[in-house]
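Hi,

Here is the structure I promised to pass on.

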Amino acid sequence: MTKDTLSAASARHPKPPNTTFAYGTAGFRTLGSLLDSTVFRVGVLAALRSAKLRGKTIGVMITASHNPPQDNGVKVVDPLGEMLPQLWEPYATQLANSDNLEDDVRDIVAREKIDVAQAGLVVVGMDTRETSPQLLRAAVDGIEVFGRAKSFGELTTPQLHYLVRSHNDPGFGEPSEKGYNKKIVSAVEEILRLWNVSEPLEITVDAANGVGAPKLRNLSSDLFNISVVNSNTQDKSALNVECGADYVKTNQKLPANVQPRDHQLYSSFDGDADRVVFYYTDNSRFQLLDGDRIATLLASFINKLLQQAKVEAKMGIIQTAYANGDSTKYIQETLQIPVDFTPTGVKHLHHKAQEYDIGVYFEANGHGTVLFSEKLISKLKCTHTGLPEEERALKTLVLLTEVINQTVGDSISDLFAVLLALRIQNKTCVDWGKDYTELPNKLFKVIVKDRFVFKTTDAERRLVEPAGLQAKIDALVAAYVRGRSFVRASGTENAVRVYSEAASAADCADLGARVCQLLE
Ligand code: 16G
Ligand code: ZN
C-alpha cells in the first residue's frame, strides 16, 4: 500500500466534525459543502473496487439528482454500468466515517484480498451544481492514490454509466460522449427510416435547469426537433426549482416556463437526467404521464413488435409500491403481462428485470428502462424470415436495444423510446393518457425523530416495525373503497414517506392524512 500517499492525500480532504455519512439508495447525499472528504474516500474505494476486479474500469458520479441546489452526492458504478454491489456499501460507509483511514483501507484490502497494484481506470462525471467541480477534484485525488482517473466533466448520470460499460465492453459503443450520442441518434434515425416517418419527432423538454439541457442540445438530426426550456445551468440556484421531473410528479402540476398548447406532449427531466415524466393538457386540465405510463406504453409497443416478428420472449414488468393500483390492474388484466414488485431504488428493480428476456422496469417517478437479455438480442439478430413486416419488426427491436440505455434509466433514451412508440403506433398523447384511468393518489412527507425504526417487508408494502402500526394502517385502509396506503423511511432524506390511494380524491387525501397522524 502506498501509505504515505494515502495519508498525504487524505490530509488535503479533512472530515467535517460531528457528521455521519451513510451510503444509501443513491450513494452518499447531503449538503455539498460537507462532502469533500467523503468524495475523496469514495475515489479511494472506487480504485480499490477496480483492483478487486483486476483492473476493470469503475465509475464515480457526482450528483444529487433532483435534490435542491445546495445538496450534492456521489455514487460508484460497477463495470457493466450497474450500481455498486450491496456487499460493498458498508465499506463505503466505513471509509466515509473513518477516523483512521489507513487502517480501514488496510482492513478492506485484507478482507477482500485485494492486490492494490491491479487498480485500473476510474471514470468520473459530475452534474452542473456549484460544488461539483471541487468534489470532482476530490474524487480524482482519491482515485489517484491507487489507480488512474479520467474526468469527463459534466455528464448526465446515465452517460457516465454508458462510459463505464463501454470502457469494459467495446461492443457496447465507443467509450466517449460522442459515442453515446451517435449510438442513440443513429438507432433513432434508422427506426424512423424503416417506418418511413418523414415528419420530425417533436417535443418540448423541461430540463430542470440541469445537465440534461446542454446534453440534449448536442443531439441533432433532421428527424427530430426538441425544444428545451428551463435550460439555465449558469444560475446555480435554479436547479430543480419549480421545474423538473420530481417537481412535476410530486406536485402533479406544470413546471415553470411551460405554457402548454392543448393535446401537445411535453416532458420533464430531473437534475441529472435519469428520470423523465411526460404530460399534456386537455381543456387546460393537466394530465400526467408518469413512469407507470411509460412502462405500459413501452411494454405494449414491444409486445406488438414481438408479435409482428413472430418471436416468443418472456416479458415482465417490475414496479414498486408507488405504482398506481390501476396501472398494475391494466398490466395484469389488459396487457396480460406478469408484474413483480421490489423495494424502491434502481438496484432492486434492475436486478429483478434481469430475470426476464425483456424486463421493463419503471418507478412511478419516471426512473427506469427496458432490459433485453443477451440471449434474446442474439436470437433477434439471427432470425431472418424474408417477410418484410417480420423483418422490419425484428430490426426495430434490435435498434430499440440501442436507443434504450441497457445500464440504467436514462431521460434522453426514454424520451426517444416514448416518441418512437407513439409515432410508430400512430398514437397521440391523449390516446396514451386514456389507456387506463388512474386512482387518485397522494404522497406525504413526515419528519420523525428516528426514521430508522420503520422497517418494512413485502417490497415495502407493509411495516413490521414499530410493532402494531401496520394493524392500525390496515384498519384505516379497510374503510375506503379501493384504499391502499403504506409507510416507508426515505433512503435519501431524513423523513418518512406516506403514500395513499383510493377511489375518490377526497378519500385518498383523507386516508393519507389519517395515516400521517398515526406517525405523530
Ligand atoms: C433514489 C433512487 C430512486 C428512488 C429514490 C427514492 C437510484 C439510482 N435512485 O433517488 O430510484 O426512487 O431514491 O427516494 O436508485 P426516497 O427513498 O427518498 O423515497
Ligand atoms: Zn436523477
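**What I found**

Thr-38 is buried, with a relative accessible area of 0% (buried means under 20%, exposed over 50% and partly exposed in between, using a 1.4 Å probe and protein chains only). You'll find Thr-38 in helix α2, residues 36–52; helices (H or I, at least four residues) and strands (E, at least two) are DSSP runs, numbered from the N terminus. Leaving aside residues up to four places away in sequence, Thr-38 touches Phe-21, Phe-28 and Ala-96, where contact means heavy atoms within 4.5 Å.

Before you go further: this is a predicted model, in which local features need pLDDT of at least 70 and side-chain atom pairs count only at pLDDT 80 or more, while totals for chains, interfaces and linings use all residues. Residues are numbered from 1 along each chain as its sequence is written, chains are lettered from A and ligands numbered from 1 in the order in which they are written, and side-chain values use heavy atoms, with hydrogens and water left out.

Now the zinc ion (ligand 2). Its protein donors are Ser-65 (OG), Asp-270 (OD), Asp-272 (OD) and Asp-274 (OD), 2.0 to 2.2 Å away. Donors here are N, O and S atoms within 2.8 Å of the metal (3.2 Å for Na, K and Ca), and sites may look incomplete as water is not among the atoms. Along the chain the donors follow the spacing S-x204-D-x1-D-x1-D. Asp-270 and Asp-274 are both buried.

On to the sheets. One is open, with five strands in the order β7-β6-β8-β9-β10 and mixed pairing (two strands pair if DSSP finds at least two bridges between them). β7 (224–229) and β10 (285–289) are the edge strands, each with a single partner, so one side of each has no neighbour in the sheet.

Five bridges join β13 (residues 358–362) to β14 in an antiparallel arrangement, with Gly-359 partnered by Leu-371. Five of the five residues of β14 (residues 368–372) are buried, so this strand is largely enclosed by the rest of the structure. Gly-368, Val-370 and Phe-372 point one way from β14, with Thr-369 and Leu-371 pointing the other way.

Val-360 touches Thr-369 and Val-370, among others, not counting residues up to four places away in sequence. Val-360 is also one of the residues with the most contacts inside the largest nonpolar core, which has 84 residues. A nonpolar core is a set of buried Ala, Val, Leu, Ile, Met, Phe, Trp, Tyr and Cys residues joined through side-chain atoms within 4.5 Å. A second, separate core of 44 residues includes Val-60, Trp-88, Val-105 and Val-122.

Cheers
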